[in-house]
Amino acid sequence: MKSIEFKVGLFVLVCVGIVVAMSLQISKDPNAIGGGQYYDVLLPNANGVFKNSTIRMAGIPVGTIKTITLENGNARLLLSLRPDLKLTKSASVEVKPSGILGDKFVEIKTGNPGDEPLPPGGRILIVKDTASFDAVLDKVGQIADDFSVVASNLKKATTGEGDPNTPLGRIVMNVEDLTADLRDFTSENKNRLTNTVTSLERITKNLDQFIGDETDDGFKRNWQKMAKSLGKVDKILTNVDEITSKVNDGKGTLGKLINDETTVEELNHAISGVNRMLDTANKFQISVDYHSEFMPASGATGESFVKSYVGLNIQPGPDRYYLLQIVDDPKAEFQRTDTLTSVGGGPNTTTRTQVAYHNQIKFSAQFAKSFYDLTLRAGLFENSAGVGFDYHFFNKKLRITSEFFKFGRAEGVDIRAYARYKFYSVFYAVAGGDDIANTRGNDLTGTRASAFFGLGLDFTSDDMKLLMSKLPF
Amino acid sequence: MEKSVPSFGGRQLLSAIEGVGSWWLEMILALGRVTNFLVTSIFWLFQPPYRFMEILKQIEFVGNKSVFIICLCSLFTGLVFALQTYSAFSFVNAETMIGPTVALTLSRELGPVLTGLIVTGRAGAAMAAQLGSMRVTEQIDALEVMGVNPKQFLVMPRIMAGVISMPLLSAIFIFIGNLGAYFLSTKGFNIDSATYLNKINDFTNPRDIAQGMIKAGFFGLIFSLIGTYKGYHTTNGARGVGSATNETVVMSSILILVSDYFLSTILKRLLY
Amino acid sequence: MKGLSLSIPRGKITVIIGFSGAGKSVLLKHILGLIKPDSGSITVLGHDIAQLGEKALNDLRTRFGMLFQSAALFDDLTAIENVMFPIQEFRRSWPKGKIEQTAGERLKVVGLGAEHFDKYPSELSGGMRKRVGLARALALEPEIILYDEPTTGLDPIITEMVDDLIVETHKRRAGMTTVIISHDLDAAFKMGDYVAMLDAGAIRLFGPPQDFFKSDDPFIKRFVAKVREQGK
């Protein structure tokens with residue numbers, strides 16, 4: 001049998017151990033076991049923040065609020081934090097809502113790790129407030145910056161030699177040129193102007209007569225009718241005036257809508273929504289493609305043609321894109337004119353056939369989907385349904401393409417096959433054959449296989465941005 | 001003279017008022033006597049010779065010997081609590097709230113109160129019976145005649161043991177009760193154990209345990225003070241011992257439950 | 001109790017007798033300072049008990065020994081532990097061995113065999129309990145020893161044995177004052193150097209036993225007659 005001291009000692013130790021273990025298990029304060037660190041922070045508004053509530057970082061509890069006291073009209077929070085957090089001078093604190101009950105929690109950020117460290121016991125100086133006045137001021141500042149750019153452009157455009165580098169400057173210069181031309185014109189045509197003035201005089205005289213006409217069909221009667229309708233217009237305007245003043249006073253649904261603060265907030269939301277959408281639009285890879293093909297001695301006439309393409313490539317994801325293309329096809333329309341000529345005025349005639357091509361604007365709209373190096377395209381190919389296959393080599397520098405379209409054509413499907421090689425930056429060369437299956441040609445429609453080669457440009461949106469930023473406006 | 005004698009009904013009313021008055025006076029006097037008893041006992045705590053061994057013996061009696069019954073009671077309290085809250089919370093798919101519910105209720109209320117009631121029945125009654133029989137067999141007189149202060153030797157160690165042991169016992173109660181609820185919830189109701197523990201973490205705080213400890217200490221004072229007071233002032237032999245024991249259990253239980261409310265109110269102000 | 005005046009001589013055996021309810025126990029409690037008198041004074045060994053503080057009173061009490069009617073042994077201590085208790089309390093510097101040895105000697109003096117030393121009071125007979133109680137009362141070698149109804153409830157043989165023990169104990173220690181409270185007149189007259197007759201809270205007669213036989217007081221006469229009757 002053990003001594004009574006031992007038994008009581010064991011009992012007390014076990015119980016105290018239980019208390020300590022339970023307390024540590026449920027304690028959120030890292031300083032409960034020692035080894036934690038304290039920081040303080042001044043909040044202009046500690047509404048909804050309570051003593052002992054949890055401090056989180058990236059959603060993970062990292063400490064508790066030890067005390068909340070008043071200091072110079074601000075709330076001073078003493079934060080008890082985990083010892084392994086390394087805070088720097090740029091560390092920040094933000095009060096965020098948690099849950100649906102209006103509870104709030106304090107979110108802490110350690111700050112830029114490159115900055116000077118903030119020793120324990122120090123004060124965290126940056127307090128972020130998501131909806132503060134500062135944030136609004138920031139936006140206003142941005143807008144003002146934009147305006148100052150506009151103003152300086154305007155100033156440049158209207159002073160001295162003018163500014164040919166900006167549209168505004170060019171407009172101003174154009175106006176200047178216009179007025180100069182006008183002056184020249186008037187001085188050159190003095191006589192004519194005098195005649196014109198005389199004519200005008202005559203016209204006004206006639207007009208006077210017309211106005212003075214007292215008959216039913218005369219101007220006066222009509223004027224009175226018009227005056228009456230003007231009265232109606234006046235009434236309408238009064239109503240409009242009333243409505244707008246109501247709106248200004250915040251009366252009525254529209255007035256409330258316009259004058260209500262929440263509308264402004266909602267509008268802000270909407271604007272930020274639009275911004276977000278534009279952001280995602282920025283994420284789309286957009287490229288602009290332009291190329292021209294030269295077709296030497298082709299078609300029924302044996303002429304040379306130049307066919308041009310302007311296309312927009314919208315790529316929402318890495319493996320697919322939409323292609324919109326405007327094609328200027330010089331061989332789109334074929335005209336055959338047979339002229340019968342009697343030989344020497346006799347009954348024998350010779351037929352002289354004249355053929356001509358007319359150009360036409362055509363559209364392509366395709367959806368493309370990539371599988372590794374192979375891309376399938378389907379959709380509209382120059383105003384007709386079709387499919388296309390692209391195969392890429394050498395990190396997409398070289399592309400071999402075959403396109404099949406105009407399926408219902410009498411002379412069979414139009415097959416276009418060509419290779420495209422991007423030789424420098426945005427520049428590429430193409431070479432291949434158009435309508436290659438149609439080697440015999442069709443005299444009625446004027447189609448015939450032809451070879452072509454050409455040059456093109458292919459900008460991505462990044463290239464464009466680069467380009468735009470280099471431009472003055 | 002005749003006129004000054006109140007009527008029959010008047011006399012009854014008078015005696016009723018007198019009854020209330022004497023009951024009230026008796027209450028105040030009793031409170032005064034108990035307070036005096038407590039204060040002199042505490043006074044003797046600080047007088048040599050220090051009765052350290054006696055305190056240890058009493059802690060062993062109140063504390064060590066209650067551990068088993070406390071473990072048993074708390075285990076089943078935790079189990080039944082988890083069972084009942086499960087059936088309620090499962091209606092609203094909030095089974096994970098069993099953890100905090102059991103933890104908070106046990107640490108703030110059930111732990112100290114049930115421990116108080118159990119230990120009152122075991123140790124408080126024993127104190128009253130022991131001191132009562134010592135009183136009627138003149139053992140207390142014998143101590144006094146020997147020059148040993150019975151309040152120092154008998155009363156103070158028991159009160160100290162009550163105040164010291166109760167928080168420790170209620171810690172065991174809270175711990176074992178939560179353990180029972182935890183095992184039933186995780187093994188029986190298949191609640192994820194990490195979720196269970198994290199929910200407890202979210203809703204409880206060390207001050208909840210502190211509240212329970214403080215209450216338990218106060219309840220320890222209540223039952224040990226009443227037990228020793230009743231036992232110390234036992235009269236009428238063996239019958240007196242019986243009634244002292246009985247009164248101790250009844251009064252302590254009532255006082256524990258009533259004071260729990262007031263303690264909760266006060267501690268809420270102080271701790272939260 | 002009122003108007004009681006009694007001075008107990010030192011070094012003698014004084015027996016205080018009286019019927020139940022005469023105030024014997026109350027008188028005893030006054031002597032011990034367990035009850036303080038409403039008025040008047042009680043002087044024990046030169047100290048006015050009513051004026052003493054609690055600590056001084058406790059010190060004075062160590063010079064007392066008392067055997068209670070029911071022996072008042074501590075239930076949770078063995079026979080020898082009961083005797084050791086006052087020694088432990090007031091001879092704190094003594095080593096445990098010496099305390100145990102002294103207690104054993106005290107128990108042997110009152111005639112308790114060593115085989116009973118480790119028994120609890122509930123395992124002892126009434127006579128043995130009285131012996132242990134006496135040994136405990138004598139443990140600190142008191143100057144005054146008080147007996148509260150030492151033989152009440154015991155059978156005649158043990159009664160005689162206890163009476164002999166009291167007288168023996170008194171003789172063994174010179175200068176020890178013995179006060180016996182009893183209703184046993186026979187034993188009182190046999191043992192007491194002085195006898196005090198208590199009646200209704202006052203002393204009827206105080207003096208050597210012979211005085212009682214000579215007394216004309218009808219109350220005492222009746223008492224004495226009873227003793228004679230029993231003697232026959």
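The buried residues of helix 2 (residues 52-62) of chain B are Leu56(B), Gln58(B), Ile59(B), Phe61(B) and Val62(B); a residue is buried if 20 or more other C-beta atoms, placed from the backbone, lie within 10 Å of its own. They pack against helix 1 (4-26) of chain A, together with helix 4 (98-136) and helix 6 (150-188) of chain B. Contact requires that the C-beta atoms of two residues, placed from the backbone, lie within 7 Å. Helices (H or I, at least four residues) and strands (E, at least two) are DSSP runs, numbered from the N terminus.

This is a predicted model, in which local features need pLDDT of at least 70, side-chain atom pairs count only at pLDDT 80 or more, and totals for chains, interfaces and linings use all residues. Residues are numbered from 1 along each chain as its sequence is written, while chains are lettered from A and ligands numbered from 1 in the order in which they are written.

**Helices 3 and 4 of chain B**
- The axes of helix 3 (residues 67-89) and helix 4 of chain B come within 10 Å and cross at roughly 145°; axes are lines fitted to C-alpha atoms over the stretch in contact, and angles run from 0 to 180 degrees between N-to-C directions.
- Residues making this contact include Ile69(B), Cys73(B) and Phe81(B) of helix 3 and Ile98(B), Leu106(B) and Arg122(B) of helix 4.
- By class, the contact has 13 nonpolar, five polar and one charged; Ala, Val, Leu, Ile, Met, Phe, Trp, Tyr, Cys and Pro count as nonpolar, Asp, Glu, Lys and Arg as charged, and the others, Gly among them, as polar.

**Interfaces of chain B**
- Towards chain A, 19 residues of chain B are in contact with 14 residues of chain A.
- Helix 2, helix 6, helix 7 (193-203) and helix 8 (206-232) of chain B each supply at least two residues of that side of chain B, and helix 6 gives the largest share, five residues.
- This side of chain B divides into 12 nonpolar, five polar and two charged residues.
- Towards chain C, 11 residues of chain B are in contact with 15 residues of chain C.
- The side of chain B that touches chain C has four nonpolar, four polar and three charged residues.

**Chain A**
- Chain A has eight helices and 18 strands, and 16% of its 473 residues count as buried.
- In chain A, 10 strands close into an antiparallel barrel in the order 9-10-11-12-13-14-15-16-17-18; strands pair if DSSP finds at least two bridges between them.
- Strand 16 (residues 414-424) and strand 17 (residues 427-434) of chain A pair in the antiparallel sense over seven bridges, with Tyr421(A) opposite Ala429(A) in strand 17.

Note on methods
A residue is buried if 20 or more other C-beta atoms lie within 10 Å of its own, exposed if 12 or fewer, and partly exposed in between; C-beta atoms are placed from the backbone.
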